[in-house]
Amino acid sequence: LCSYTDRTQLRLNTFFARLHFVLSEISTRAFLPVDGEAELLVAHLELENAESVPGVGVRTYEEFPGDIPPELWMLRTCSGRRVAIDRLDGSLLEDARSESDRLDLVDHARPERVRKQPEEIALIREATTFADMVLTRLLAEGPSIVRGGGTEAELMADCADHARTHLLGEHGDAFAGTKCGITASVHSGPRAALPHGAVTSRRPQPGDPIIAGIGCSLGGYHAESGVTLVVGQPTRAQLDVMSAMADATAATVSALERGAPCAEVDRAARDVLRSAGLGESLRHRIGHGMGIEGHEAPWLSPGDATPVEPGMVFSCEPGVYRPGLDGWRTIDTLIVGPEGVEVASSFLSHHPPERRVLAV
């Protein structure tokens, strides 16, 4: 929510990084005037949290949903008559227009949000080390867990808990009150053909692929790493799939370095998989932006014409899914810089396909 101007640069992270609140249905917004002091507009129960943020005013509304919807209260409270709002319930549109001379339903904060500052990139880069730590633990301890009859759920719990303990031990005090944790999924065998398969009590069997997708949040910023491991020695056909996926990642990096539009990056990467004869097994885009959310714009996907620029951070997730047979996915966090693309995730580069084995 901001006073409208085409030239306004919105630097939200300066004070939102200091605001600790529970994300819920209750609306929390920033009012950024062209001139004058920025304000936080929050429910009264968040007053003390908002007042702890330096350099910004605070106004509060009584309750949600309230006699007056919060967004309408905000429009009436703010001094601006030309206003941009990043998101608005459609049922409030007519009333919101009556409260302003011009209502712009465009997220003007997005250009600032998608181009990360060095401090934001530092958090994302550090987060990848703990996402990688989960995979390293899975590779090291997974064989004994599988040999002992361990399940997908037990594999996930062991490796995720290990990395979470280290994450909180190193950074928990510094980032108390912010998003700081590990999310993980582990699914195996024919169930790996489900891109979003739930973790179950299934026991992986010799020859099975095991997809591990890991997210880490640190200080409110997100990173991802992921791998597909094989129980026992992989077959030639399995290695060929993993090799094609590595080539798709290389194509992603190359297209990002050219500054290609996001849709072109997606096409270049998935064309590699199609050329390898895997076109019928593709189920999703090659990746997405990351930052204060695990999934955010811009999208490495058909339909997103956003040009790639330095400061953008993406996941790269080539995936091959063959229902009834198997599934394969790798994930890297990629940071676009002025001199090239940094592959922040290190697990895949340190463990080529022939080493992604749970030797049982």
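Author: Accessible areas here come from the Shrake-Rupley method with a 1.4 Å probe. On that basis the chain exposes about 16400 Å², and carbon and sulfur atoms supply 50% of this area. The model is predicted, so local features need pLDDT of at least 70, side-chain atom pairs count only at pLDDT 80 or more, and totals for chains, interfaces and linings use all residues. Residues are numbered from 1 along each chain as its sequence is written, and side-chain values use heavy atoms, without hydrogens and water.

Reader: How do you know whether the radius of gyration agrees with a compact globule?

Author: The radius is taken over C-alpha atoms, and the globule rule is 2.2 Å times the number of residues to the power 0.38. For 360 residues that rule gives a value near 21 Å; the chain has 23 Å, which agrees.

Reader: What makes a residue count as buried, and what percentage of the chain does?

Author: Buried means under 20% relative accessible area (exposed is over 50%, partly exposed in between; 1.4 Å probe, protein chains only). By that cut-off, 52% of the 360 residues are buried.

Reader: Why are β2 and β4 said to stand at the edges?

Author: Strands are DSSP runs of E with at least two residues, numbered from the N terminus, and two strands pair if DSSP finds at least two bridges between them. The open sheet has the order β2-β3-β4, with mixed pairing. β2 (29-31) and β4 (57-61) each have a single partner strand, so one side of each lacks a neighbour in the sheet.

Reader: What makes β3 and β4 a pair?

Author: Five bridges join β3 (residues 39-43) to β4, and the two run parallel. In one of them, Val42 has Thr60 of β4 as its bridge partner.

Methods
Helices (H or I, at least four residues) and strands (E, at least two) are DSSP runs, numbered from the N terminus.
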